[in-house]
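This report describes one structure for a reader who has not seen it before.

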Amino acid sequence: MTLPATTRIPYGGDYNPEQWPEEVWEQDYRLFDAARIDTVTLGVFDWALTQPAEDVYDFTLLDRIVERAAAQGRRICLATGTGAHPPWLARRYPEVTRVDFEGRRHRFGQRHNSCPSSPAFRRLSTELARRVARRYAGNPAVLAWHVGNEYGGACYCELCAAGFRDWLRERYGTLDALNTAWYTTFWAHTFTDWAEIEPPSALTEHWRGPDHTAFQGITLDYLRFMSEAMLTNFRDESAAIRESSPDLPITTNFMGMYRPIDYHRWAPYLDFASWDNYPPDDDSAARMALTHDLMRGLKDGQPFWLMEQTPSFTACRDVNPLKRPGLMRLWSWQAVAHGADAVLFFQMRASRGASEKYHGAVIGHAGRSDTRVFREVAELGAELERLGGATLGARTPARVALLFDWDSWWALEISDGPSRLVRYQDVVQAYHRAIWEAGADLDVVPVTADLSGYDVVVAPALHMVKGDLAERLAAVARRGGTVVTTFLSGRVDEHDQAFLADVPGPLAPLMGVRIDEWDARGPEVVNPVRLGTGPDTVEVASRLLFELVIPTGAEVVGEYRSDFYAGTPAVTRNAYGAGHGWYVAAGLDQAGVSWVLRRVLERHDLLGPYPDLPALETAVRVAPDGTRLTFLLNHDAEPVTVPARVTGVELLSGDRVIAGEPVRLPGRGVLLIRQGGQ
Ligand code: GLA
Ligand code: ZN
């Protein structure tokens, strides 16, 4: 099963009519009509209404809400409603609330707050999902199921401890194997009974918070276990839905680059991926591009849903900037350009009270349609309606892959040494940004992905190398491709134990280098790196981490300029088979990373159509019938005129575009060109 079947991009979002009297619903649907809203997500936080007591299910209100949406011709993404548990549940079963990292048992409050291992939570959340599905599966307005909401966080209670021990027994079989994997001869940790094992928390292995642990292997396994425990909750509810709804697709809303949950492990259990996009500021285009690509990579390139975005501002940050005019439209199209087959908002009407009363909404507290935000929402609705289904199911034809790996992220950031300042997302973002600015389409894929279709594979901070990955990367180079990796790659195995070999471990033959020493410094220390030779030489900055490279076959592409290792390699390229392995040993600045990636992309003729206009984003999607769709997105507030590179029809205006002739994009403008014709 794949995506919900629709004839246009579903447009709408989270809608909570249970917060309002029915007269307001009337007004809402009139406004939804005006904005061409065709899809609503219902019931995300309705548990206390649908089940007011353990033995009482009451669907009266949800029935009315669903009936009204259906009668008004909307499609429904229907939630199971288990993202927040009701007060009676916490009171009756105190085990349902979580124990935090400091060991404090929480009491009723907030949301996303249920212990994933609690039998009461598992039983009752599953039963609620079963009943919701049974009741509404036959309603033709229901398009998809939305399980829970933004799974995340962690619990450290006794039930989770017991679950962790079971999970470990399953994974390791024997205590000997576990002791070996966790390296427990260090600091007298040899376990002689499974019951001795504690969740790693502030009371046990940690100090100074969740990233500082005495035993990386234990913490890493707890992260894996917690991610899987919550996956079990999702799977429980999905299975209950399936009993009465064999055909409707199921999803849950992810959060992009969210560290606690390994979305790659979850993805096979979702019919389609969806995510909530809340960028921190106006300047997030590159970061969002990466996150969309990551979400598209979850289901092997299958389109995803943009499940939530704010039309204007969020409320959860200390400072919540307003999206400038045109930005919501531009970012919605950016999502579509990267594979979104739905554009949905949080939220349709602003809640009157509680923590999200100042969160942006399509309809504000005054219920007006003559606001700027509503107008922009309505204009985008009209545009999406005119576009119809042209983009649905379209795929990204990428020749470049970037590896993203939760295990490497975890291992790198819970490591003592070499540097707490090297953050996985920063490194990944710099490499993704370089490719994105150069205009090459790229996939962000798990380390288990099939790499045989890519010309270039970029593996930033690939700290952990598992299974046959090193061999599959070598195969990319052998057949003429290029593999790029960086400092702090190839360091540890799946248990976070160092390879008993030269760094970068199993990647060393491909990279043709050996690292014996590395130097970490604060952000104020810059070591200039000279890249290239002859007239093309440039000097860039490097910071935070400086590995000292001994080439064992690689040629030197860049050298450090200062300190006792001045004149030694900082960037190398190794001829391997018919291709290359590039090793970037220093924390290069963006200019340096871009210099490296452009050389790589040029070699494979993969630079995009406007590589020197980084604010002009290009993205291609290929529709199921083979039609090529080229998106041009101007992230600058100023207009830009460029020669068209393709001939076809610009679908948002209907204008003809002819290759070689100029096309103009207004500030924050979008063009969507369907290639074809002369
Ligand atoms: C998340 C949640 C929503 C809402 C928004 C606000 O994405 O899923 O319920 O809280 O954040 O930004
Ligand atoms: Zn728990």
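C157 is buried, with 2% relative accessible area (buried means under 20%, exposed over 50%, partly exposed in between, with a 1.4 Å probe and protein chains only). The model is predicted: local features need pLDDT of at least 70 and side-chain atom pairs pLDDT 80 or more, while totals for chains, interfaces and linings use all residues. Residues are numbered from 1 along each chain as its sequence is written, chains are lettered from A and ligands numbered from 1 in the order in which they are written, and side-chain values use heavy atoms, without hydrogens and water.

| Cysteine | Relative accessible area | Class |
|---|---|---|
| C77 | 0% | C77 buried |
| C115 | 0% | C115 buried |
| C157 | 2% | C157 buried |
| C316 | 66% | C316 exposed |

C115 lies in the loop between α4 (87-92) and α5 (119-136), and C157 in the loop between β4 (142-146) and α6 (158-172), so the pair ties together parts 42 residues apart in sequence. Helices (H or I, at least four residues) and strands (E, at least two) are DSSP runs, numbered from the N terminus.

The count of disulfides is zero, a disulfide being a pair of cysteine sulfur atoms within 2.5 Å.
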